[in-house]
Amino acid sequence: MKNKLLKTHFTRKNLISLALLFLYLVLVLICAIACDRNGIMVKDNPIQAMVPAFGFPYVNGGTASYVLIIVFVIYSFFTPAAVLYEFRLAKFFEEKIFSRKWQIIIWSTIGGGIGLCLLIGCLAQYPYDLETMGNAFAFLGQSYVVAFVIYVFLFALIGAPLMIYINMKNIDKPFRFFSNEADIAMEEKLQEEEEEKAEDQDNLAHSFGEETPDENALASGISAGIGARVGGVGSGQLEEEKISDKEKVFPGLCTIDYIMENREAVDEFDDNLALKDLCENFRNYLAKEEKIYFDIDTIRAFVSGLAASRLIILEGLSGTGKSSLARYFSEYISEKSFFEPVQATWRDRTSILGYFNDFSRSYNETEFLKKLYEATFLPRHINIMVLDELNISRVEYYFADFLSIMEYPEDEWKLKIMQLPYDFEAPMHLENGILNISNTTWFIGTANKDDSTYTITDKVYDRAITIAFDDRNEPFEVEGDCNKIHLSFDGLQNMFKNAKAKEANRLSKDDYDKFRKLTSFTYDTFDLTFGNRIMHQIEELVPVYVECGGKKEDALDFMFSRKVVAKLEGRFEDYIKQGLSELDRIIIDTYGKDSFKNTRHVISKLLRKL
């Protein structure tokens with residue numbers, strides 16, 4: 001602050017300018033005395049002799065004339081000095097001198113100075129007489145003009161030889177108007193920047209309860225690396241007393257801690273509902289309350305998909321109800337889904353998880369991160385997080401961590417948010433900078449299929465349950481219950497567990513043998529692998545789909561059409577057309593003409609393109 005206050009003082013150039021002005025004004029007074037016919041100087045002196053040369057008459061100065069000149073001389077010095085100071089103030093406040101504000105201030109100063117000169121000078125002419133006042137102002141004018149001519153002459157006579165001498169003496173040195181002032185100013189500026197940067201780093205260390213090492217500690221070899229680097233700033237030596245500043249680093253997460261600690265709500269859930277009733281009632285709720293109509297098979301695929309994967313992709317043309325299905329399912333079970341519109345600029349995990357900001361020395365928390373963190377306090381609540389238009393950017397870039405985590409057992413869903421310094425007191429559920437993703441969480445992505453989006457890769461499709469929204473659903477009359485329920489996570493999981501436990505719902509050996517005919521053919525003909533992950537998803541989904549009121553063949557049809565046949569889109573090899581026709585024949589021979597409608601519909605679309 002001290003250095004900044006010094007900037008308001010006059011610079012060397014300002015002082016030299018004021019000194020030259022002061023010499024000129026002294027010369028004005030000397031010329032006034034010399035030009036006075038009744039003055040103390042000898043008549044017809046060289047200065048007085050210059051008066052007729054400029055067309056001025058000889059005047060006899062009086063007291064009033066000298067008062068006028070002295071007043072003008074005083075204000076001629078202090079008015080420019082005030083204007084220079086205002087220039088310095090504008091620079092101090094880092095404002096433009098030509099802004100309206102400073103132009104008003106400067107011109108007010110100039111106008112005020114001239115006004116005061118005229119006012120005081122005129123008052124000194126009392127009693128007023130036109131001839132006396134004319135004589136005084138003529139005396140003032142000729143004094144200023146004669147002094148200016150002499151001043152320029154003396155400056156040229158003295159200054160020119162002096163400049164020649166100085167430049168000849170320093171001819172082999174680079175030109176500097178005022179020695180090395182520019183270098184000094186630059187060094188001071190760089191030093192200030194370094195000091196501010198060091199201060200910011202020290203404050204960052206302090207905010208994490210650490211102290212930067214001093215020179216003695218470094219010289220004696222004391223270890224200063226007690227913590228990992230955060231945001232590119234190294235942690236330092238521990239203080240005796242730790243400073244806990246988690247509220248500054250994680251303000252949003254700490255707010256959630258406070259809210260959840262003081263939460264008094266008593267949760268009451270309605271878990272006595274069969275999966276079949278859940279699907280039918282949800283479909284009725286959409287139709288009656290929201291005027292949105294879905295085929296019952298779509299609802300069954302969605303609910304059973306929750307049992308098979310934590311990533312559901314709702315894919316199709318815009319306006320087919322993809323976002324509505326995810327949003328209103330949360331409403332139906334008395335929860336609130338979180339919507340995150342994906343941006344085309346997302347390139348990595350920081351887009352959804354945030355990052356540590358070096359300048360603010362706090363973590364830039366996203367709403368996505370805060371919702372994930374909040375879910376860790378609500379182990380009985382279903383947490384649905386919707387990534388709207390997830391393929392407007394590449395899913396593998398910003399969602400890579402989650403694609404990997406979901407392959408692990410639920411107790412290993414751990415996500416490293418940031419490396420925290422040693423002994424830093426983190427928010428309650430962010431121990432060691434690691435967030436445990438709640439097993440109550442499902443990610444639902446909506447994906448449009450148009451030129452503005454990226455193709456979703458097989459890596460993502462294989463991990464997700466994909467539901468296609470290609471057809472327009474017709475309205476229907478609502479029959480049965482359509483009231484909201486309050487479904488818990490435990491209740492939903494128990495429904496899934498009970499469905500999988502029923503022998504009649506699971507695939508039998510005969511089911512496997514029939515289905516293997518299709519998978520073997522697609523592998524041999526199209527080289528489409530049917531890995532363990534997909535088979536595991538089928539084993540998880542089919543029993544739940546059956547419990548939702550569907551058939552095993554319909555569940556297999558749904559999975560086969562989305563997991564296998566859909567991958568042939570965009571392939572135009574010669575053997576594809578013949579292979580698809582043969583696959584259609586095998587389906588009819590194995591399951592009958594009225595089965596596997598989704599798969600046969602996809603095959604028909606692909607054949608038309610070929």
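A: Start with S488, which sits in the loop between strand 11 (465-469) and helix 19 (489-501). The model is a predicted one. Is S488 buried or exposed? S488 is buried, because its relative accessible area is 0% and the cut-off for buried is under 20%.

What covers this serine? Leaving out residues up to four places away in sequence, S488 touches F269, D271, R380 and I382.

Now step back to the whole chain. The protein chain has 24 helices and eleven strands. It has 610 residues, and 42% of them are buried. S488 is one of the buried residues. Contacts across the sequence can be counted too. Take those between residues at least 6 apart: 77% of them join residues at least 24 apart. The chain exposes about 33,600 Å², and carbon and sulfur atoms supply 55% of that area.

Next, the cysteines. In general, a disulfide is a covalent bond between the sulfur atoms of two cysteines. How many disulfides does the model have by the distance rule? The count is zero. C548 shows how the rule works. The closest cysteine sulfur to that of C548 belongs to C279, at 3.4 Å. That is too far for a bond, because the two sulfurs would have to be within 2.5 Å. C548 is also buried, because its relative accessible area is 0%. C254 is another cysteine that counts as buried, because its relative accessibility is 10%, and the limit is under 20%.

N14, L18, Y24, L25, L27, V28, C31, A32, A34 and C35 are buried in helix 2.

I16, L20, F22, L23, V26, I30 and F155 make a nonpolar surface patch of about 590 Å². Which element gives the most to this patch? Helix 2 does, with six residues. Take V26, which is found in helix 2. V26 counts as partly exposed, because its relative accessibility is 32%. An α-helix has 3.6 residues a turn, so residues three or four places apart point the same way. Keep that in mind when you look along the helix.

Charged pairs come next. The structure holds 22 salt bridges. One of them joins K246 and E425, with the closest N and O atoms 3.4 Å apart. This pair links distant parts of the chain, 179 residues apart. K246 is in helix 9 (residues 246-249), while E425 is in the loop between strand 8 (414-416) and strand 9 (434-436). Are the two partners buried or partly exposed? K246 counts as buried, because its relative accessibility is 13%. E425 counts as partly exposed, because its value is 41%.

A second pair is R533 and E407, whose side chains meet in a salt bridge at 3.2 Å, N to O. Here too, distant parts of the chain are linked, 126 residues apart. R533 is in helix 21 (residues 532-547), and E407 is in the loop between helix 17 (400-405) and strand 8. R533 is partly exposed, because its relative accessibility is 31%. E407 is partly exposed as well, with a relative accessible area of 40%.

R600 is in helix 24 (residues 597-609) and D584 in helix 23 (residues 574-591), 16 residues apart. R600 is partly exposed, because its relative accessible area is 22%. D584 is buried, because its area is 19%, and the cut-off is under 20%. Salt bridges can also share partners: they join E407, R463 and R533 into one network.

Note on methods: Residues are numbered from 1 along each chain as its sequence is written. This is a predicted model: local features need pLDDT of at least 70, side-chain atom pairs count only at pLDDT 80 or more; totals for chains, interfaces and linings use all residues. Side-chain values use heavy atoms; hydrogens and water are left out. Buried means under 20% relative accessible area, exposed over 50%, partly exposed in between (1.4 Å probe, protein chains only). Helices (H or I, at least four residues) and strands (E, at least two) are DSSP runs, numbered from the N terminus. Contact means heavy atoms within 4.5 Å. Patches are made of residues with over 30% relative accessible area and no salt bridge: like charges are joined within 9 Å, nonpolar side chains (Val, Leu, Ile, Met, Phe, Trp, Tyr) within 5 Å. Accessible areas come from the Shrake-Rupley method with a 1.4 Å probe; for residues, only the protein chains shown count as cover. A salt bridge is a side-chain nitrogen of Lys or Arg within 4 Å of a carboxyl oxygen of Asp or Glu.
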